[in-house]
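Here's a quick tour for anyone meeting this structure for the very first time. Have a look at the sequence and the model, then read on.

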Amino acid sequence: MAQRRTDGEVILLWTLPVTVIIWIASFLLFPGFNPPMSPTMSAEQVAAFYRDPAHVPEIRYSMIVFNWFGVSLIPILALIVLQVRRMAHRTPIFSYALLGCAAGSPALFLVANVCWLLAAFRPERSPELTQLFNDFGWITFTILVPFLIGQSVILALAIYLDDQPRPVFGRWVAYFNLLVAAALAPAAFVGVSLSGPLAWDGVLSFWLKNIAIAVWIVVMGVAVGQAIYRERAENREPGDELVSA
Amino acid sequence: MSDLAETTKRGRSVPGQPDMWAFVLFETLVFTAYFGFYLFSRARSPELFLHAQAQLDLRIGVVNTLVLLLSSWSVARCVQSARAGAYGPALRDAFLTALFAVVFLGVKMFEWARLSHEGNGFDSNDFFTYYFFLTGIHFVHLLIGFVVLGVLVYQLRGPKMRDQKLVETCATYWHTVDFLWVLIFALLYVVR
Amino acid sequence: MSEVITPAASPAAPPSGPLHQRIAWHWRHNPKRELWLAWWALVVFYSLFWLMFFVITRVQPPPRPTADLAAQVHFFHVRHLGIPVGFAVIFCIGGMIATNNALIAYSMRRMSVSPAFAYSYLIMYSLSAIPGLLLLCIALIVGTLRPERDPEAISWLYDFAFLSFDGTMGVFLIGSLIWMLAILLDKNRVFPKWFGYLNLCNGLTEVVVAPCWIFRRGVLAWNGQIAWWLDMVVFGVYTGAFIYMLRSMILREDFGTGPLPELKPDLERKPKAGRSNAEAAA
């Protein structure tokens with residue numbers, strides 16, 4: 001079978017550090033994340049937050065940047081899908097499933113993004129409405145985990161079932177993904193309480209979830225980078241090192 | 001294209017694919033449920049339904065029923081011709097069927113427009129909700145019928161095709177559409 | 001494309017014995033384990049789905065659109081724990097939607113038709129999860145968050161949720177038609193034709209639900225006998241049918257590209273590689 005075309009993958013890969021820097025910058029800029037807004041704030045307090053002249057530009061610019069780059073993780077997910085296709089599976093089901101997961105969380109993130117931007121657009125709106133947008137944004141942002149969990153579990157399974165002498169990803173990547181999936185699960189329970197670890201500013205729903213996502217991005221970035229570079233090295237060597245996929 | 005296994009065990013088989021008959025049965029059940037709901041609603045407010053039904057023009061309904069019955073006749077003739085190998089006349093009958101269907105659609109849309117102008121719309125009252133709903137979903141089935149006729153024409157045209165079973169399957173669908181209309185006509189227009 | 005591995009010298013039949021042993025054997029040796037994994041995930045997903053929506057959150061069957069503000073507020077109040085917990089489970093397992101769609105897309109790849117069908121379906125249904133399921137769950141959770149919220153705002157969330165559920169069926173309509181078309185055109189006989197027509201029935205049912213945007217009462221409202229009850233019956237039959245048909249497909253799968261062999265009494269037949277390839281070349 002002809003070698004698959006891999007031109008440009010390294011470039012796509014190296015967009016990841018850029019994406020990460022932009023995301024971290026926006027994350028730190030958004031006043032709602034530093035520290036995370038409390039769900040127990042009253043409508044007047046929420047309205048005051050959005051009306052605060054120091055906050056308004058920070059909210060808008062950080063969210064606009066997030067809006068631009070919200071989907072920039074998808075090329076990396078595509079690179080992972082292509083590596084999964086190189087695995088020793090009998091069917092393309094794992095890569096299909098991963099593709100199905102790819103757009104889910106960025107789309108939900110964009111919904112949250114839009115809600116916060118709306119809240120900041122007319123801060124003089126009734127505090128009740130501002131609080132509604134804020135609630136919707138926060139719940140969506142916290143609960144956008146289903147496709148991330150799905151992604152991680154599917155990837156872990158794909159790696160387990162990759163039956164070849166030199167698997168595309170090491171087993172540790174599978175265990176890591178399962179760990180991340182478990183770490184993201186509590187965030188789904190964000191609606192249960194307005195305070196405590198499960199609330200959207202709590203240890204589990206905010207800190208654990210976002211740290212898990214950050215670590216996943218970094219680790220998977222490295223893992224897929226290793227896989228890509230190894231594949232390119234193998235393709236350059238003729239002989240029995242040739243990838244038979 | 002034609003299923004060798006099925007034609008060899010012809011003997012006692014239904015015209016067209018048995019699968020299509022399964023579909024017909026299912027759709028009939030669904031429509032029966034619709035009719036059931038209709039009759040139930042009607043029993044709850046007979047005055048309203050009677051009064052609203054009077055707004056319908058029976059003549060238009062009769063014309064539509066006749067047109068569709070004619071289309072069934074032409075598609076049946078088409079199947080007969082195809083079975084005898086006379087694909088020219090069969091093709092003509094298929095187009096004739098389509099023509100009748102277009103007439104039906106035209107008359108239906110005219111009727112809808114007139115009713116809406118008179119103030120009897122989809123959400124005017126319960127009767128007209130059912131009326132537009134039932135005739136609407138039937139309309140959709142008729143539109144699908146055009147696709148089916150397209151398949152039929154495609155079969156009759158090319159000398160390579162002409163799978164008789166598929167021709168009969170298409171005709172079966174068409175007869176179902178006609179059959180459902182007769183029921184709708186009886187329920188909405190006639191039963192007062 | 002995925003690499004096809006010649007299976008190592010493994011026993012042709014799974015060992016009899018305790019369930020966990022048999023499952024372990026299948027996990028390690030069954031060539032169709034990916035497909036079975038996806039299929040079981042499908043079954044688990046729909047079971048949990050039904051349980052969460054009908055029993056834990058009790059948002060289905062849906063409440064009345066004609067409920068007044070006080071009744072709507074009350075609706076959220078009595079579910080203030082059931083909704084967040086039930087939907088939390090849905091959000092944990094939501095990724096299974098992707099595996100469900102992947103299995104169905106795979107069935108279309110196994111057919112003789114263009115891969116475009118599989119990809120279209122995959123994209124459509126992955127997309128549909130957001131407005132058709134996830135957003136409305138979020139709206140309902142937000143509704144339970146603050147009992148002291150303005151009733152008008154709660155009412156907006158109430159409408160948003162239930163209209164989203166019934167009113168975004170367009171995706172399922174077109175998706176069903178795509179699958180139907182693939183099945184009817186397929187020469188590999190992956191599914192019987194009646195299942196293709198059943199997709200049409202399901203598609204038509206989605207059309208019927210659309211008037212829920214117009215009516216607040218009656219048979220076509222979002223909780224109406226036609227728009228919800230009958231629709232659920234058809235959808236239930238359809239879902240049961242496709243779960244069964246996918247299982248049948250997996251049992252018959254020979255990993256070839258030609259027509260799928262019929263189901264024989266002795267399951268797990270070894271694929272006759274020569275025959276499938278010869279048929280594919282024909």
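Predicted model: local features only at pLDDT ≥ 70, side-chain atom pairs only at ≥ 80, totals over all residues.

Residues are numbered from 1 along each chain as its sequence is written, while chains are lettered from A and ligands numbered from 1 in the order in which they are written.

Chain C contains 11 helices and 0 strands (DSSP runs numbered from the N terminus: H or I of at least four residues for helices, E of at least two for strands).

Now for the meeting with chain A: 42 residues of chain C are in contact with 43 residues of chain A (C-beta atoms, placed from the backbone, within 7 Å). On chain C's side, α6(C) gives the largest share, 10 residues. Here's that side split by class:

| Class on the side of chain C that touches chain A | Count |
|---|---|
| nonpolar | 30 residues |
| polar | 7 residues |

Nonpolar covers Ala, Val, Leu, Ile, Met, Phe, Trp, Tyr, Cys and Pro; charged means Asp, Glu, Lys and Arg; the others, Gly among them, are polar.

Over in chain A, A:A78 sits in helix α4 (residues 74-85). A:A78 counts as partly exposed because it has 15 C-beta neighbours inside 10 Å.

Technical notes: Buried ≥ 20, exposed ≤ 12 C-beta atoms within 10 Å, placed from the backbone. Contact = placed C-beta atoms within 7 Å.
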